[in-house]
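Hello,

Here is the structure I promised to pass on.

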Amino acid sequence: MYILYYMKERSPKYKIKKAKINNARGIELLSNIIGSGTKKDKELARSIFKTFNGNFLNATTKELLKIKGLNKDKVNRVIASIELGKRLFQKRNGNGLSTFVKEKAVQYSLFGPLYGERQNVPLEYIDRIIPVKRYTPPSGYFYIQQRRYIGNKFALIDFIKNIIRENIGEYKSVCDIFAGTGVVGYYLNKKNVRIISNELLYSNYLALYAFLSPEPYDEKKIKEIIKYLNGLRPTEDNYVSENFGDRYFIMENARKIGAIREEIEKLDLSLKEKAILITSLLYAMDKVANTVGHYDAYREKMDMTKPLYLLVPYIEQKKNGDNEIYNLDANQLIRKIECDILYIDPPYNSRQYSDAYHLLENIARWEKPELYGKAKKFDRSKLKSQYNLKSAPQSFRDLIENANCKHILFSYNNMGNKGNQRSNARISDEEIINILSSRGEVTIFERKFKPFTTGRSKIENHTERIFWCEVKR
Ligand SMILES: C[S@@+](CC[C@H](N)C(=O)[O-])C[C@H]1O[C@@H](n2cnc3c(N)ncnc32)[C@H](O)[C@@H]1O
């Protein structure tokens with residue numbers, strides 16, 4: 001078993017574009033790399049710049065160690081940042097740095113570690129290039145990751161891709177069996193790769209179907225309907241305004257949500273078209289909800305007054321080839337499928353996703369059930385996940401025993417007993433290793449991570465781990 005440390009990937013490429021490159025900025029950055037940007041660190045940074053006449057791109061460990069105040073640890077950080085800068089440049093500009101970029105590369109090289117953990121990292125495991133495209137959809141569209149969802153792994157996509165590239169190589173099929181928002185399957189999707197994406201919640205299933213199913217659809221028709229739905233101005237109350245108006249949404253938005261959902265139900269649509277329109281509505285609702293990111297409760301003070309506005313999901317249909325989308329319990333589906341890579345990302349603790357996202361589920365299903373309590377939830381007893389219960393280890397064992405795949409990648413954080421009672425992990429590390437080892441050798445990849453939580457538990461030293469099992473037995 002090995003533990004490898006990865007640096008935290010942010011989007012330096014994006015930031016680099018905006019940053020002003022000058023010596024003062026360079027000194028500031030360097031002082032943050034070697035220390036924490038204190039006056040003393042800045043003095044040291046200045047003396048490094050001076051020693052190398054402002055360009056230490058080819059500085060060696062030996063030369064740096066000669067500078068008073070620089071110890072091995074600090075020198076390693078500087079060397080790592082230089083190395084990283086060179087790589088970024090080689091990737092962007094091909095091999096060999098031009099004269100123009102050479103000088104700037106020093107400063108560029110300094111950015112990397114600012115966004116990373118300051119520790120000794122094997123450089124071959126670093127890949128911090130995140131295409132800017134992922135953050136800025138074309139006008140009128142939204143990306144799959146543009147919603148708030150507890151435990152979503154968008155920030156880990158490059159970490160996961162790295163693990164695959166370094167250890168698994170080419171793949172022909174991936175099953176994202178607890179898909180949530182679906183971002184992992186979406187970003188591992190390629191033209192000749194089959195993505196099997198599955199979710200217990202119907203609201204998520206519809207989004208997966210919209211973004212990943214191969215069913216053809218007419219985008220022009222979708223755009224026209226969205227335009228029409230955006231133009232609705234209902235004045236009468238409906239199921240949504242009566243139950244959620246002045247609570248989760250301002251009255252105007254609540255009426256509009258109800259009217260749009262009712263209209264979608266009436267239109268003559270294929271499953272793909274219906275999934276796209278409902279997904280558009282659910283993402284738009286998320287943008288105007290008077291909540292902290294989930295629907296366990298609404299905020300007492302209503303200060304979310306933005307009008308609801310539907311956008312078009314950014315779907316890469318050409319890549320969807322023979323993808324398969326399911327709305328099943330993972331333990332049921334596992335018995336029916338086979339794949340190269342099985343990505344498993346179950347809930348970690350006692351908190352049911354059907355509680356946190358009841359409102360979206362309610363709108364997606366549109367059965368207009370009776371609602372209970374202040375939070376206005378419907379009866380979710382049929383949507384409870386085994387993975388939030390004490391019996392989670394048994395379910396996990398059953399899942400692994402029945403997996404028909406070449407590789408298993410299992411995401412599970414290390415919250416252990418650090419948070420409050422609700423945050424405690426349901427499956428212990430011993431159980432995970434024990435269960436996975438029954439199918440092959442296990443390697444753990446670990447990285448510090450700032451999770452999307454909703455503020456109640458203060459968790460320090462949070463690390464996100466991915467267990468890789470190469471299936472042999
Ligand atoms: C940690 S989240 C997954 C997040 C996802 N990887 C993402 O990036 O958005 C776990 C998901 O598993 C789903 N889930 C829970 N129990 C399930 C089960 N038995 N079968 C399928 N999905 C389940 C939950 O609804 C939730 O969306």
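Phe154 sits in the loop that runs between strand S2 (141-142) and helix H7 (157-167); helices (H or I, at least four residues) and strands (E, at least two) are DSSP runs, numbered from the N terminus. This is a predicted model, in which local features need pLDDT of at least 70, side-chain atom pairs count only at pLDDT 80 or more, and totals for chains, interfaces and linings use all residues. Residues are numbered from 1 along each chain as its sequence is written.

Phe154 has 19 other C-beta atoms within 10 Å, so it is partly exposed (20 or more would be buried, 12 or fewer exposed, with C-beta atoms placed from the backbone). Leaving out residues up to four places away in sequence, Phe154 touches Gln145 and Val183 (contact means C-beta atoms, placed from the backbone, within 7 Å). Its C-alpha atom is 7.1 Å from that of Val184, 30 residues apart along the chain.

The largest nonpolar core has 91 residues, of which Leu281, Leu342 and Ile408 touch the most other members (a core is a set of buried Ala, Val, Leu, Ile, Met, Phe, Trp, Tyr and Cys residues joined through C-beta atoms within 7 Å). Helix H13 (residues 271-288) gives this core its largest share, 10 residues. Beyond neighbours within four places in sequence, Leu281 contacts Ile257, Ile260, Arg261, Leu310 and Ile363.

As for confidence, the mean pLDDT of the chain is 83, with 78% of residues at 70 or more (pLDDT is the predictor's confidence in each residue, from 0 to 100).

Best wishes

Key
Contact = placed C-beta atoms within 7 Å.
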